[in-house]
Protein chains: 2
Amino acid sequence: MTSVPDPATALLAAAGELDAADPLGSFVDEFEPAVGVDAYLDGNSLGRPVRGTADRISRFVAGEWGTGLIRSWDEGWMQLPFDLGDRIGRLALGAAGGQTVVADSTTVLLYKLVAAAIRGVPAGGRILIERGNFPTDRFVVEGLAEAHGLQVDWLDPDPIAGVTPAEVAAGLTDLTALVVLTHVDYRSGALADMAGITAVVHDAGALMLWDLCHSAGVVPMRLDEWGVDLAVGCSYKYLNGGPGAPAFAYVRAELQDRIEQPIQGWMGAADVFAMGPIYRPADGMRRLLSGTPPVVGMLPMQGMLDLLERAGIDAVREKSRTLTTLAIRAYDEVLAERGVDLLTPRDAARRGSHVLLGHPSFRAVTEQLWLDGVIPDFRGPQGIRIGLSPLSTTHAEAVRGILAIAAALPD
Amino acid sequence: MTSVPDPATALLAAAGELDAADPLGSFVDEFEPAVGVDAYLDGNSLGRPVRGTADRISRFVAGEWGTGLIRSWDEGWMQLPFDLGDRIGRLALGAAGGQTVVADSTTVLLYKLVAAAIRGVPAGGRILIERGNFPTDRFVVEGLAEAHGLQVDWLDPDPIAGVTPAEVAAGLTDLTALVVLTHVDYRSGALADMAGITAVVHDAGALMLWDLCHSAGVVPMRLDEWGVDLAVGCSYKYLNGGPGAPAFAYVRAELQDRIEQPIQGWMGAADVFAMGPIYRPADGMRRLLSGTPPVVGMLPMQGMLDLLERAGIDAVREKSRTLTTLAIRAYDEVLAERGVDLLTPRDAARRGSHVLLGHPSFRAVTEQLWLDGVIPDFRGPQGIRIGLSPLSTTHAEAVRGILAIAAALPD
């Protein structure tokens, strides 16, 4: 008779088997080593640097910038926001070329898209959003609604399951001009039914804007096929663009010449160097630009796009599923009995790539874990968010993280 | 009897003497070498990378980002926009701490400041700007004026001499709420009387917003002492922050809690991580922020701020004077007789650090010069702009540039 292994041993063994069989396993060596970090569980907040990022930037400083100097604007920099946007569109968004651009921050791009979408909507028109949305999304919508005399309607879905097409349908009115929702909830990780929700929004005659911050680069999507109108997303989470890297925006091709964003700058004008007397927006996605493209800030994400191209978004999604599934199994085996709550959908098809756990001790637990080289995200008032970026995270790392939480919990 | 040297020989000799006596001469070695570039004359459009920029970024990628990971937000990144802003304020703007922040692009910050300045101004109020202003400034002001029912009044000063306090005074009305002008004209290089103009604007009860893009880091100023209300500027010109580096904004301390900018994002909220239900702007300059600070994009400018700290802005200005003076002497000796126009003030105290020349052939001339490693800026319809960034440019380089223009002119 053999002894039954303790849960930690069994979990680490299961993780070892998954890692051994992982077709993407070799990708974890493609990232900069993090000295003293035993488990990085916050790839959904700040992705790790891809190996070679420093070399890429060094070559850029000596070459394109230091030697090409101002000539490099003609030789590629002007086109970079569109080239990178198209690449993100193709690899991560299911978007054909000419509909995605890299610029600004998520907040500024959200502002531009919401403002463009409600331009011309008469006072009394309505915008439907979710009360649990990320603050920037709510703040942008509320500010613009107030400035334009529009009303904000709020959805209050189940905080774990997230919003459904039926709930969205019930929240729509004849006056709803725009719906702004998040594809993967930044807290629960709930994955919204983008196709279904976009369809009910269109049935009501409104425009649909998706925030892709917690899904771009980890959850496959088909913006073109599903008829999404507008989207924004972040490049420093699963696209590993570095802290504060520029964001991206998507505008469906047919809409592009009908929308006008309010931050009228020289880079969005029809003829950038004409220095003409009147602002006329450029054709296509260039009209989304305002100031000079943030070239330096656009460099690091290129390494991750190379990896994503090699791995393929479907394989990334598959590993995301096994990572989050194993993390939830580990929760069940070592944290559930300790009074920790699971605040993420159990159905892998209904969640993104992070798992939210809740316990009153978690603020102090997170502080201790960070000192010990185990790095999840704390989300007040009492959440630990385990973000599992598939290309840079092993199953063993996910298990070590959960075990470390268990060890740090007060008795 | 000795022979009279030809103008080129005499100019190069004069340049050699100035370089030999230049107290800042050693700074030219502090920049990345530009292989094959004989004269870089566009430091006012894109400053050269400071030596060590690549190493700074490599250390950042491996350390703060790659190993510190998300922890680095707590350990400095959140504060970086304010620390860098204060440093720019102290070294370049004559601004005490707590009034300058680094963020976004010049266009986006202009939009925020103009919108904040006209918030609450009743329809019919007026904004005074200059017709020859940089397009982004005009586009932002026109867009916001139209959206808010305000009228734009235009100044048409002499295009070489630039705008005077008397012209501004004559353009002000009882309804003028805001004046937006550029400290150094992006074409002529004319340096406006910031103190005098700000005073007449205040006498009329309006707010004064200065665009410092072509003066920050090269022309000393005293924003605090002169009572400037608002200012924006660029960090990729004389602050050498790299292509598309984030911009900076200044808001006079007493105004900060009275203004509200419209791009309401989480980073500008009173409690960033409360994720609370309602947007309340943070105290002080944090309310100018919207999205996540562009940390990677803020790295390269730090090297130039180190150099500026060592050199001192007054010494930089003195070298700027000798550089532009020599360039104009060279123009007089080899270009004036060839039908080239000087479109920059001859009085060194009335110009910034660039010189504008005009000739119908200059588009083709610029194309040829770029191929030959002499790099000025072309400004349509027929201008060559010679930007002389004092720390990275020798007097000999300025002369070589003018001689190369002379050689490239059609007979």
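## A cis proline in each chain

A:P381 sits in the loop between strand 12 (377-379) and strand 13 (383-387) of chain A. This is a predicted model. In it, the peptide bond from A:G380 to A:P381 is cis, with omega near 5 degrees. Most peptide bonds are trans.

Chain B has a cis peptide bond too, joining B:G380 and B:P381. Omega there is about 5 degrees. B:P381 belongs to the loop between strand 12 and strand 13 (383-387) of chain B.

## The sheet around that loop in chain A

Strand 10 (residues 354-358) of chain A pairs with strand 13 of chain A. That pairing is antiparallel and runs over 5 bridges. One residue pair to look for is A:L356 and its bridge partner in strand 13 of chain A, A:R385.

## A covered strand in chain B

Now turn to strand 2 (residues 100-103) of chain B, which is covered on both faces. In a regular strand the side chains alternate between the two faces of the sheet. B:T100 and B:V102 are on one side of strand 2 of chain B. B:V101 and B:A103 are on the other. Are these four residues buried or exposed? B:T100, B:V101, B:V102 and B:A103 are all buried.

Strand 2 of chain B has a partner: strand 8 (residues 247-251) of chain B. The two pair in the antiparallel sense over 4 bridges. Across that pairing, B:V101 stands opposite B:A249 in strand 8 of chain B.

## Two residues with positive phi

Most residues other than glycine have a negative phi. B:L69 is not a glycine, yet its phi is positive, at about 55 degrees. B:L69 lies in the loop between helix 2 and helix 3 of chain B. The relative accessible area of B:L69 is 0%, so this residue is buried.

B:N240 is not a glycine either, and it has a positive phi of about 55 degrees. Where does B:N240 lie? B:N240 is in the loop between strand 7 (230-233) and strand 8 of chain B. With a relative accessible area of 0%, B:N240 is buried.

## A helix residue in chain A

A:A10 is in helix 1 (residues 7-21) of chain A. Its relative accessible area is 23%, so A:A10 counts as partly exposed. The cut-off for buried is under 20%.

Which residues does A:A10 touch, leaving aside its neighbours within four places in sequence? They are A:P5 and A:R329. A:A330 is 320 residues from A:A10 along the chain. Even so, the C-alpha atoms of A:A10 and A:A330 are separated by 9.7 Å.

## How the two chains are related

Chain B can be laid on chain A with an RMSD of 0.0 Å. This takes a turn of 180 degrees and a shift of 0.0 Å along the axis. The two copies are therefore related as by a two-fold rotation axis. In chain B, the C-alpha nearest the axis belongs to B:G297, at 2.5 Å from it.

The copies meet through the same surface, because 100% of the interface residues of chain B are also interface residues in chain A.

## Where the chains meet

How many residues of chain B are in contact with chain A? There are 72, and they are in contact with 72 residues of chain A. Chain B and chain A bury about 5,900 Å² between them. Of this area, 69% is on carbon and sulfur atoms. B:W65, B:I70 and B:F139 supply 12% of the area that chain B buries against chain A, more than any other three residues.

Across this interface, 19 residue pairs are in polar contact, both residues of each pair being at pLDDT 80 or more. The rule finds 0 salt bridges there. Several elements of chain B each supply at least two residues of the side that touches chain A. They are helix 2 (53-65), helix 3 (71-74), helix 5 (106-118), helix 6 (135-148) and strand 12 (377-379). Helix 2 of chain B gives the most to that side, with 8 residues.

Notes. Residues are numbered from 1 along each chain as its sequence is written. Chains are lettered from A and ligands numbered from 1 in the order in which they are written. This is a predicted model: local features need pLDDT of at least 70, side-chain atom pairs count only at pLDDT 80 or more; totals for chains, interfaces and linings use all residues. Side-chain values use heavy atoms; hydrogens and water are left out. Copies are superposed by least squares on the C-alpha atoms of residues with pLDDT of at least 70 in both. Contact means heavy atoms within 4.5 Å. Buried means under 20% relative accessible area, exposed over 50%, partly exposed in between (1.4 Å probe, protein chains only). Two strands pair if DSSP finds at least two bridges between them. Buried area is the accessible area (1.4 Å probe) that two parts lose on being put together, summed over both. A salt bridge is a side-chain nitrogen of Lys or Arg within 4 Å of a carboxyl oxygen of Asp or Glu. A polar contact is a pair of N or O atoms within 3.5 Å; within protein, one must be able to donate a hydrogen and the other to accept it, and residues adjacent in sequence count only if both atoms are side-chain atoms.
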